[in-house]
Structure formats: structure tokens, C-alpha cells
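Have the viewer open while you read.

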Amino acid sequence: MLNRILSRQIKNYLKTFLRPKNLIFCPEVVDKPEGNNIIVLSPHFDDDVIGCGGTLHKHILVQDKVAIIYFTDGREGDPSFEDKELLEKTRKQEAMNATKTLGIENLIFLDEPETRLKSTRPLINRLSEIFNQIKPNLVYLPWFLDNHIDHFELNRIFLDLSKEIQLDFNICAYECWTPLIPNIVVDIGDVIPKKQEALKSYQTQLRQVDYLSTILALNKYRSVTNLRGRTYSETFLYLPVKDYLNLMDKL
């Protein structure tokens, strides 16, 4: 009798716990973030696919415009390559193969030194030209506490850039190395095969880290909050650009 009472109490508790309204904070599930003219800031040749590849493909499926800016040259991404120029060419080709899978054609390569990314006047000028030409209404970038020096420096570059351009867009901050606290969730279950195929393009990087298993595991885990773990999702910190910059400024 006692076991039945306890079992019933546990079941009732779990039912209550799993209701999103009882969570302290529950991110909103969206089909995709608002915005149809998009710039993606990617420190390296794989970060865009790792952090938001499924969501970017969903943008493409509804004819949104997507441009990806790759910041670094890729020369430090595989110690087995003695020829750094060959490694750079190889990783660029991997990026082109991956983005072709996702349906993205507009790729911009800045060729800054990998692991030594810094804000410079020529770089800010080049980025200003790109932003003024494209005039995005949505910008993706790795969030400012993502645990990689190039990801952190990219945010510092973006902060400097914000002083040069008109700020009339939203930010969608994505996660690669460090999970963020999201406010939106995108269900990518229908497009996860595309993300998986795109990730497989990065053979030089998969030799270093099993991103294929780990990132898909993260995407699976990210569906637990309000998609009940039955799909895959990518999560983001989605804010007006000025609010995002204010958060950065408090560090």
C-alpha cells in the first residue's frame, strides 16, 4: 500500500516538474529566429555549422539570404599538416563543401591568423564595408563567453565594429565550446541529417575532436527543456544588438 502511495506521489511530482511553467526559466521554441537578411560571423571554418548549421539550413529553405564571414585562415587546425598553405586550402574547401550541403553560397574569407585574431583598423574597415553593403537584420556570432581565444576576440572585434556601423539588427549568439543560457530554441529535427552531412565535410577537424558525436549529443540534450528530448535543437541568446553589447560591456 505504501509503495503504491509513494509511486503515485513520485509520478505526480514528475508530471509537475516537467511542465515548462514550473521551470525557473524556459526558452521559447521558434521555427527559426526572425530575420531574412543574415550575416554569420564564424571564427573558424567549422564554427558556423557546429553552432547553428541546422538553423541556417532552415533559413535557406524559406529563401532567406545568408552570408558567412570566416575570420581566420585555418593554418593551425591540424598538426599533422606540415604544409600550412595546403592546410589552409584544404580547410577552405571543407567549408565550401559543408556550406554547399546547407545551401549557402555567399562566403567571405578574411584570412586573419588563426589563434592570433585581433581587432585592427584594416579589419574593422573591411567588416564595415561588408555590413554596409549587406545591411543585415540578423547577425549570428559565437557568444562572448565561448571558451576559445578567437571566439572571445571576435566579440571584441564586433564591439569595435559596432562603433562604426548603424546598429539596426538583432543578434543570435550561438554556442560551440561553452553552453550558454538560451532564450530561444530551434527544433532542427527535420534537418539534422543535413547538419550531420555538413559536419562530415570537416575531416581535418574530426581527426582532432569527434564533433560529429559531441555536437549532435548537445543538440539532442538541448531538446530536453520544452521539446521533451524527442528531437534535436539548437539554442541561442537572441537579443537586440544594443542589449547584447550592454551585456558584453558588463564583463
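Let's start with the helices around the largest pocket: helix H2 (47-61) and helix H8 (211-221) each put at least two residues into its lining. Helices (H or I, at least four residues) and strands (E, at least two) are DSSP runs, numbered from the N terminus. The model is a predicted one, so local features need pLDDT of at least 70 and side-chain atom pairs count only at pLDDT 80 or more, while totals for chains, interfaces and linings use all residues. Residues are numbered from 1 along each chain as its sequence is written, and side-chain values use heavy atoms, with hydrogens and water left out.

**Largest pocket**

- The largest pocket holds about 270 Å³ of space. On a 1 Å grid over the protein atoms alone, a pocket is an open set of points with protein on both sides within 12 Å along at least five of seven lines, a cavity is a set where a 1.4 Å probe fits but cannot get out, and lining residues have an atom within 4 Å of a point.
- For volumes, grid points are joined across faces, edges and corners, and the value is the space filled by probe spheres set on the points.
- The largest pocket has 19 lining residues, and the closest to its centre are Asp46, His148, Trp177, Gln205 and Tyr211.
- H8 gives the most to this lining, with 3 residues.
- By type, the lining of the largest pocket splits into 6 nonpolar, 8 polar and 5 charged residues. Here Ala, Val, Leu, Ile, Met, Phe, Trp, Tyr, Cys and Pro count as nonpolar, Asp, Glu, Lys and Arg as charged, and the others, Gly among them, as polar.

**Second largest pocket**

- About 220 Å³ of space lies in the second largest pocket.
- Its lining is made of Phe25, Pro27, Leu180, Ile181, Pro182, Val185, Tyr221, Arg222, Val224, Thr225 and Thr235.
- Those lining residues come out as 8 nonpolar, 2 polar and 1 charged.

**Cavity**

- The structure has 1 cavity of 30 Å³ or more, and about 40 Å³ of space lies in the largest cavity.
- Lining the largest cavity are Ile50, Gly51, Glu175, Lys195, Leu218, Asn219, Ser233, Glu234 and Thr235.
- The lining of the largest cavity divides into 2 nonpolar, 4 polar and 3 charged residues.

**Sheet**

- An open sheet is built from 8 strands in the order S1-S7-S8-S6-S5-S2-S3-S4, with mixed pairing. Two strands pair if DSSP finds at least two bridges between them.
- Strand S1 (28-30) and strand S4 (106-112) are at the edges with a single partner strand each, so one side of each has no neighbour in the sheet.
- On average, neighbouring strands of this sheet are turned by 25° against each other, direction ignored.
- S1 pairs with strand S7 (residues 184-187) in the parallel sense over 3 bridges. Along that pairing, valine 29 is opposite valine 185 in S7, and valine 30 is opposite valine 186 in S7.
- S7 and S8 run antiparallel, joined by 4 bridges. Valine 186 has glutamate 234 as its bridge partner in S8.

**Helix packing**

- Helix H9 (residues 241-249) lies across strand S5 (138-142), strand S6 (170-174) and strand S8 (233-240), at about 95° to S8. Axes are lines fitted to C-alpha atoms, for helices over the stretch in contact, and angles run from 0 to 180 degrees between N-to-C directions.
- H2 and H3 pack at about 35°, with axes 9 Å apart. Asp48, Val49, Gly53, His57 and Ile60 of H2 make the contact (heavy atoms within 4.5 Å) with Ala98, Thr99, Thr101 and Leu102 of H3.
- The residues of the H2 contact with H3 divide into 4 nonpolar, 4 polar and 1 charged.
- The axes of helix H3 (residues 84-102) and helix H6 (residues 192-200) come within 8 Å and cross at roughly 170°.
- In H3, Ala98, Thr101 and Leu102 meet Lys194, Glu197 and Ala198 in H6. The residues of this contact are 3 nonpolar, 1 polar and 2 charged.
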